[in-house]
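Dear colleague,

I am handing over the structure below, together with notes on what was found in it. Please read the notes alongside the coordinates.

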Amino acid sequence: MEVIRGISRMREFVQEQKLSGKRIGLVPTMGYLHAGHLSLVREALKSCDVVVMSIFVNPLQFGVGEDFEDYPRDLTRDSELAEQAGVAAIFAPAVSEMYPSGGYYSYVDVEKTTEGLCGRSRPGHFRGVTTVVTKLFNIVQPDVAVFGQKDAQQAVVIQRMVRDLNLPLQIVVAPIIREADGLALSSRNVYLNPAEREAALVLYRSLNQAEQLVTAGERNAKVLQETIEKQIKEEPLARIDYIEVVRAEDLQPSEVLQGRTLIALAVFFGQTRLIDNRIVEV
Ligand code: AMP
C-alpha cells in the first residue's frame, strides 16, 4: 500500500491503474479509522479493483470553536488498518496541498438539503464538505465513492451534488456500524469519558423506541420527535442539538410519515457532539 501526499502523484497512481483497466473506488475519511470506515472499504471492494482511501481533516468543514485542532490523528495506525482492509493507496495531503497559501476562492454549495439538521447548527459545514469532496473526486476520478449512512445528511447532500452537477461516478451509501451495545462508531467517541460514553447509549435507545412506535402504526412526526426528546431529556449528561423527522430523500419536513423517513439526532455529551439516525419505511 502506498501513502500518497501529493496531488500529482495521486493523479499518476490513478492513471496507471486506469490504463490497466482497473475500476477505482474512493473512500473519503478524516482518519482515526474504526470499523465503520473499514466497512466502507469492504463495500468499495465489492465493485472496484482498487480502493483509494483519503485521510484529510478538512479545515473548511469545521466552524469557529469546533474541534479541528483537537481532532484525533494517527496516520501510522490508520495505514496499518487500511492496508489490512485491502486499501491500495492512502491519499493524505497536507492542508497546504489542498488549499495552497496565496488564496483559495472556489466553493461548491448545495442548497435546500443543507438548510436543516446539521446544516442549521453548523453553518458552512456542508460547503466545506462538498468543496473538499469535489476536489477529491477531481483528483482521484473514482468510478465509485462510498459514504456511510452514519452521516445521513452528508450522504443525501453528496448524492444531490453528483446528480445536479453530472459528476461521472456512482455513490454508494453503506450501513451504520455500531458497538455491541449500540453506540454508532465515531472517531469522536474517544472524547467521551466513561459516564458520557454510558449516557450516549440513549441515542440508540431512543431511535429504537421511535422505530418501535412506527412499527406499531405511529405516523405523526411530532409524536416521534417528542418521544425521543422526552427520553433524551431524562439523561442528565445529554444536551439536545436537534431531533428531526424528515423525508429521507430530500430531508424536507414530513408532518405525517410517508415512504422512507429519516429520524436524525445530534446531541452533546459534555463538549462532544454525537449524531445518529434511523431510516424507517412506512
Ligand atoms: P469521517 O472520518 O468521520 O469523516 O467519516 C468518513 C466516512 O465514514 C463517512 O462517509 C462516514 O459516514 C463514514 N462513517 C463514519 N462512522 C461510521 C459508522 N459508524 N458506520 C458506517 N460509516 C461510518
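Lys222 and Glu226 both sit in helix α10 (residues 221-233), and because they are 4 residues apart there, about one helical turn separates them; helices here are DSSP runs of H or I with at least four residues, and strands are runs of E with at least two, numbered from the N terminus. Their side chains meet in a salt bridge at 3.1 Å, N to O, where a salt bridge is a side-chain nitrogen of Lys or Arg within 4 Å of a carboxyl oxygen of Asp or Glu. Lys222 counts as exposed at 52% relative accessibility, whereas Glu226, at 40%, is partly exposed (buried is under 20% relative accessible area, exposed over 50%, partly exposed in between, with a 1.4 Å probe and protein chains only). Elsewhere, salt bridges with shared partners join Glu2, Arg9, Glu12 and Glu16 into one network.

Before going further, please note that this is a predicted model, in which local features need pLDDT of at least 70 and side-chain atom pairs count only at pLDDT 80 or more, while totals for chains, interfaces and linings use all residues. Residues are numbered from 1 along each chain as its sequence is written, and side-chain values use heavy atoms, with hydrogens and water left out.

The structure holds 16 salt bridges. In one of them, Arg122 pairs with Glu66, the closest N and O atoms being 2.7 Å apart; since Arg122 lies in the loop between α5 (117-121) and α6 (125-140) and Glu66 in the loop between β3 (50-55) and α3 (75-85), the pair ties together parts that are 56 residues apart in sequence. Arg122 is buried at 11% relative accessible area, and Glu66 is partly exposed at 30%. Another salt bridge joins the side chains of Arg188 and Asp67 (2.8 Å, N to O), linking the loop between β6 (170-174) and α8 (194-199) to the loop between β3 and α3, with the two residues 121 apart. Both Arg188 and Asp67 are buried.

As for the ligand, 17 residues surround it, the closest being His37, Gly148, Asp151, Ile177 and Leu185 (a residue is near if one of its heavy atoms lies within 4 Å). The shell divides into 9 nonpolar, 6 polar and 2 charged residues, and its largest share, 3 residues, comes from α2. Oxygen atoms of the ligand lie 2.9 Å from a polar backbone atom of Met30 and 2.9 Å from a backbone N or O atom of Gly148, while a ligand nitrogen is 2.8 Å from a polar backbone atom of Ile177.

Best regards

Technical notes:
Polar contact = N/O pair within 3.5 Å; in protein donor to acceptor, adjacent residues only side chain to side chain. Nonpolar A, V, L, I, M, F, W, Y, C, P; charged D, E, K, R; others polar.
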